[in-house]
Structure formats: structure tokens, C-alpha cells
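Student: I have a new structure to read. Could you take me through a few of its features?

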Amino acid sequence: MDGEPPGAAVRMRDVARVAQVSAMTVSRALKDPERVSPEVRARVEEAVRRVGYVPNRLAGSLSSSRSNVIGLVVPSIDNSLFASTIQGISDVLRRHGHELMIASSGYGEAAEEAAIRAFLGQRVAGLILHDTTHSPEAVTMIRRAGIPVVENGTLTRQPLDMVVSYSNHDAAMAMTRHLLRLGYRRIGFVTLPLAANERSRDRRRGYAAALEEAGLPYDPRLVLEVPPGLAAGVEALDRLLEGGGDPDAIFFAGDVLAIGAALECNRRGWPVPGRVAIAAFDNIDLLGHLVPPVTTLRLPRHEIGRRSAEVLLDRIEGRATGPLTVDLRFEIIHRAST
């Protein structure tokens, strides 16, 4: 290999020679690392680095009809809320010799469909989809591929295959009930755009269901749909407080929105909850450090990722069959903002 550029014409037997093991052992260490000893695995990994070997996953999949790659489609790579779930998935897959490929749908069915088509072209062993609504073409492709699929954005009554999540409907209903138990009766609700987001629609339905259960009217003046961002939280605060609905509490179904509103109250010298109570939907770290700290929901995002990967591998490796629903629930964190 002297004189060749790094990685040129490197084969598995070159890795075997450097690691001083057989080519079969190299193959086993790369495809199913738990079947070899930690010492052998370390020697093979070091040899791979030294010789610059890149396994041809697709070529290896031609005979087995699948690779060791899992495809994941999330709505956004920019949104830090998905990072914990992605990490949970990656941690499990890496331990079991699988790789993760990630694509963003941009909250759109067409982009999700394109990502699914690309993944299936790479003969992925399975799919994890954050969204639970899909284009008919995407569903058809998945059915024809016959590979296991996990949806994990929300619990859905009709999953494609398996679903691992919590109920956005039940979580929003629980937080609205919590505010009602605290004595609030004019509860505003602020959501991210509904059109391409089943999770946002579920949250609004949960809010409405809690009001109906309590015998309170659904007042359109107290419900807003706004884009993401701190500024949108400020805008929502202004519109609700000046729109005639006279809210005594506002439930923001998006953490950044709640942060924007809380910071604006602080800037204006408005006491929270004296002027208006504020609740959020997800427990990002900053919420607990605001003054006052904000009541919110703790969602099992890392656990969703971990369990999604585990149930997918169970199906891939033949340890489980059939549809599966895993409800990981949620927890209300009561703080001084309410």
C-alpha cells in the first residue's frame, strides 16, 4: 500500500493482517461487535483506523437484502429538542453494531417522503420517524419495503408498525387540568403552527378537552397559533393580554415561546403569576432558571430514543414480532410561575 493515497484499494484482508486476526473475525467485529472479545474488537478498530478501511455496507447488503444502517427522519436538525432523542437512539445502535443516518423533513410530508425514498435506496435495516402523519406514497414505499418502522413523535392510534412516545393530547390536557386545579379559569393557549404538525394539533385538542371536562367554554380569543421563536412568545403575550380574553394564565405549547413571554413580563415589571401565570410544555434547562422558574412538563425524550432503538433492534434480530405501542408518559413540574 506504500505510495497509495489513504484508503485507496484497502480491503478487509489488510485490516486482518494489521490486527493479526482472520478476515472472518474482522467481518464479525464490524458487523456484530458483541460476538468478539473487547480485546479483539479494539485491535480491529485500531487496524481500521491505521489502514483507512471503509466497509462497503451497501455491497454487503446485496446478499442479505439489508444493511446495518437505521434511517431517522426528524422535523428539524436545528431544533435542540430532538438532540436528546437522537442521542438515545445513537447510543443503543452503536452498542449493537448499527449506524444511524439522519434526515430532516422540515415539518413537511414531501421532504419526509424524499428522505424515506433515499433511505430505502440504501437498503436500511429499519426506519425511525418522528412524524406520525405521512404521505400516501411514503406509506406505500414503507409497506413494500417490509422493514420495521418506529414512530416516536406522539402516541398514535394507527401506527405504521410500532410507536414509542407519550401522548401530546394527554400531556396538554394534564397541564390544563393542573392550571384549573390551581384556580385559573381564563387559560390562554399558544401553539406552534398546526398545519403540518400533528403534535401541535394533539396539544390543542388536549387543552380543549380539559376545558370541556371542567364545563368551561372554548374562547377563540384565548387561543393563538404563532411561529417559533422568542419574539413570537412576546407577540402572543401582547395579543392575549390586549385581545379582550382577559387570561389569568397562559399555557405555551412550546418552551421558547414561554421563555419569550416570561422574559418580557420581567422586562415590563409585570409580576408572574400576579399579572398572569405562565406554563410551558417541555423542560428545557433555562425554564428552571428564570425568575420565577416556569411550570412545565418533563417529557422522556432520551428514553424515547433509547426505547425506539431497542424495539427496532428486537424486530430486526427476530426477538419480537407484531405491532407495538410503548407509552412512556410525562410528568408535570410545578414551579413558581403558576
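Tutor: Gladly. Keep in mind that this is a predicted model. We start with a helix. The buried residues of α6 are Glu 112, Glu 113, Ala 115, Ile 116 and Phe 119.

Student: Where do the buried residues of α6 fall, seen down its axis?

Tutor: They fall within an arc of 165°, so they line one face of the helix.

Student: What span should helix α6 have at 1.5 Å a residue?

Tutor: Helix α6 covers residues 109-121, which is 13 residues, and should span 18 Å. Its end C-alpha atoms are 18 Å apart, which agrees.

Student: Which residue with a positive phi follows α6?

Tutor: That is Arg 123, with phi near 55°.

Student: Now to empty space. How does one find it?

Tutor: Rolling a probe the size of a water molecule over the atoms shows where empty space is left. In this structure, a search of the whole model finds two cavities of 30 Å³ or more.

Student: What is the volume of the largest cavity, and which residues line it?

Tutor: Its volume is about 50 Å³. The lining consists of Thr 85, His 130, Asn 152, Gly 153, Tyr 166, Arg 301 and Ile 304. Sorted by class, the lining of the largest cavity has four polar residues, two nonpolar and one charged.

Student: And how much space lies in the second largest cavity?

Tutor: About 40 Å³. Leu 72, Val 74, Phe 82, Thr 85, Ile 86, Ile 89, His 130 and Asn 152 line the second largest cavity. Two elements, β1 and α5 (83-95), each give two or more residues to this lining. The most come from α5, with three residues.

Student: Let us finish with a single residue. Is Thr 191 buried or exposed?

Tutor: A residue counts as buried under 20% relative accessible area. Thr 191 has 1%, so it is buried. Thr 191 lies in strand β6, residues 187-191.

Student: Which residues does Thr 191 touch, not counting those up to four places away in sequence?

Tutor: Thr 191 touches Ser 200, Leu 224, Glu 225, Val 226 and Ala 253.

Methods: Residues are numbered from 1 along each chain as its sequence is written. This is a predicted model: local features need pLDDT of at least 70, side-chain atom pairs count only at pLDDT 80 or more; totals for chains, interfaces and linings use all residues. Side-chain values use heavy atoms; hydrogens and water are left out. Helices (H or I, at least four residues) and strands (E, at least two) are DSSP runs, numbered from the N terminus. The expected span of a helix is 1.5 Å times one less than its number of residues. Buried means under 20% relative accessible area, exposed over 50%, partly exposed in between (1.4 Å probe, protein chains only). The arc is that of the directions from the helix axis to the C-beta atoms. On a 1 Å grid over the protein atoms alone, a cavity is a set of points where a 1.4 Å probe fits but cannot get out, and a pocket is an open set with protein on both sides within 12 Å along at least five of seven lines; lining residues have an atom within 4 Å of a point. Grid points are joined across faces, edges and corners, and a volume is the space filled by probe spheres set on the points. Ala, Val, Leu, Ile, Met, Phe, Trp, Tyr, Cys and Pro count as nonpolar, Asp, Glu, Lys and Arg as charged, and the others, Gly among them, as polar. Contact means heavy atoms within 4.5 Å.
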